[in-house]
Amino acid sequence: AWMAVREDEQIAQSMGINIVTTKLLAFVMGAMLASLGGALFAVKLGTIYPHSFEILQSIIILVVVIVGGMGSIKGVAIGAIVLIGVLGGPTQPGLLREFGEFKLLIYGVILVWMMLKRPEGLWPEARRAQELHQEELSQDAWLQMADPTPEEAGA
C-alpha cells in the first residue's frame, strides 16, 4: 500500500487503499522508530545534551545514505565505508587527513556527482534502480529498432 501511495495516490485510492490510514500508519511507525532510537541513544550515553545533535552529523548521514543507495542496507554500509573511511566523519579523521579542511567541499562534490551520474547510489535496491533507469531505456528504445533488412521485409 505504501508503494502504491508513493507512486500515485489517486490510483491507489481507486484500487481500494485508504490513503489517510496508510499515511497515518507510515507517520506513526516512523515516529515509533525514531523514539525507540532516541531512547536507545539516551540509555547508551546516560545523558543527552543539545550539542549531541549537530546539523553536520545529519548532513553526513544523509550523504552516506544517498551515495550508498537509498533502500539498500548493503549500499548504505558501502557508502559509510567509502565516505567515513576515506574522508572521515565530523570528528574522526579518515585516510585523507590532509584534506580535512576541504572535507565538506569534497562531500558536496561527491553528492553532486552522484546525483548527476548515478542517482540510485553505489549499491541500489533493485526496484529503485529499475525505476530510475526505466526512463533511459524508453528513451533509447528507438536505437534498438533498426530498419528491417530486405529479407525481413519480404517475410
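This short talk walks through one predicted model of a protein chain, from the whole chain down to a few residues.

Residues are numbered from 1 along each chain as its sequence is written, and side-chain values use heavy atoms, with hydrogens and water left out. Since the model is predicted, local features need a pLDDT of at least 70 and side-chain atom pairs count only at pLDDT 80 or more, while totals for chains, interfaces and linings use all residues.

Let me start with confidence. The chain averages a pLDDT of 80, and 79% of the residues score at least 70; pLDDT is the predictor's confidence in each residue, on a scale from 0 to 100. Where in the chain is confidence lowest, and where is it highest? The lowest mean, 55, belongs to helix α8, residues 141-144, whereas the highest, 94, belongs to α3. Where pLDDT is low, the predicted coordinates should not be read in detail.

Now the overall layout. The chain has 9 helices and 0 strands, where helices (H or I, at least four residues) and strands (E, at least two) are DSSP runs numbered from the N terminus. Of the 155 residues, 18% count as buried, and here buried means under 20% relative accessible area, exposed means over 50%, and partly exposed lies in between, with a 1.4 Å probe and protein chains only. The chain exposes about 11800 Å², of which carbon and sulfur atoms supply 68%; these areas come from the Shrake-Rupley method with a 1.4 Å probe, and for residues only the protein chains shown count as cover. If we take the contacts in the chain with a separation of 6 or more, 43% of them are between residues 24 or more positions apart, a contact being heavy atoms within 4.5 Å.

Is lysine 23 buried, partly exposed or exposed? Its relative accessibility is 40%, and therefore it counts as partly exposed. Leaving aside residues up to four places away in sequence, lysine 23 touches Val5 and Glu9. The C-alpha atoms of lysine 23 and tryptophan 2 are 7.9 Å apart, although these two residues are separated by 21 residues along the chain.

Threonine 22 is also found in helix α3, but at 9% relative accessibility threonine 22 counts as buried. With residues up to four places away again not counted, threonine 22 touches Ala1, Trp2, Val5 and Ile17.

This brings me to charged pairs. Side chains of opposite charge can pair when their charged atoms come close. How many salt bridges does the count come to? There are 3 by the rule used here, namely a side-chain nitrogen of Lys or Arg within 4 Å of a carboxyl oxygen of Asp or Glu. One of them joins arginine 6 and glutamate 7, whose closest N and O atoms are 2.9 Å apart, and glutamate 7 counts as exposed at 51% relative accessibility. Another joins glutamate 9 and lysine 23, where the closest N and O atoms are 2.9 Å apart. Glutamate 9 lies in helix α2, residues 9-14, and lysine 23 lies in helix α3, so this pair ties together parts that are 14 residues apart in sequence. Glutamate 9 is partly exposed, at 36% relative accessibility. There is also a salt bridge between the side chains of arginine 118 and glutamate 120, at 3.4 Å from N to O; here arginine 118 is partly exposed with a relative accessible area of 32%, whereas glutamate 120 counts as buried at 4%.

Next, please look at glycine 75, which is found in helix α5, residues 73-86. At 0% relative accessibility, glycine 75 counts as buried. Which residues does glycine 75 touch, not counting those up to four places away in sequence? They are Gly68, Gly69 and Trp123. The C-alpha atoms of glycine 75 and tryptophan 123 are separated by 4.4 Å, while the two residues are 48 residues apart along the chain.

Val86, Leu95, Leu96, Phe99, Phe102, Leu105 and Val109 make a nonpolar surface patch of about 640 Å². Patches are built from residues with over 30% relative accessible area and no salt bridge, joining like charges within 9 Å and nonpolar side chains (Val, Leu, Ile, Met, Phe, Trp, Tyr) within 5 Å. Leucine 105 has its place in helix α6, residues 103-117, and at 57% relative accessibility leucine 105 counts as exposed.
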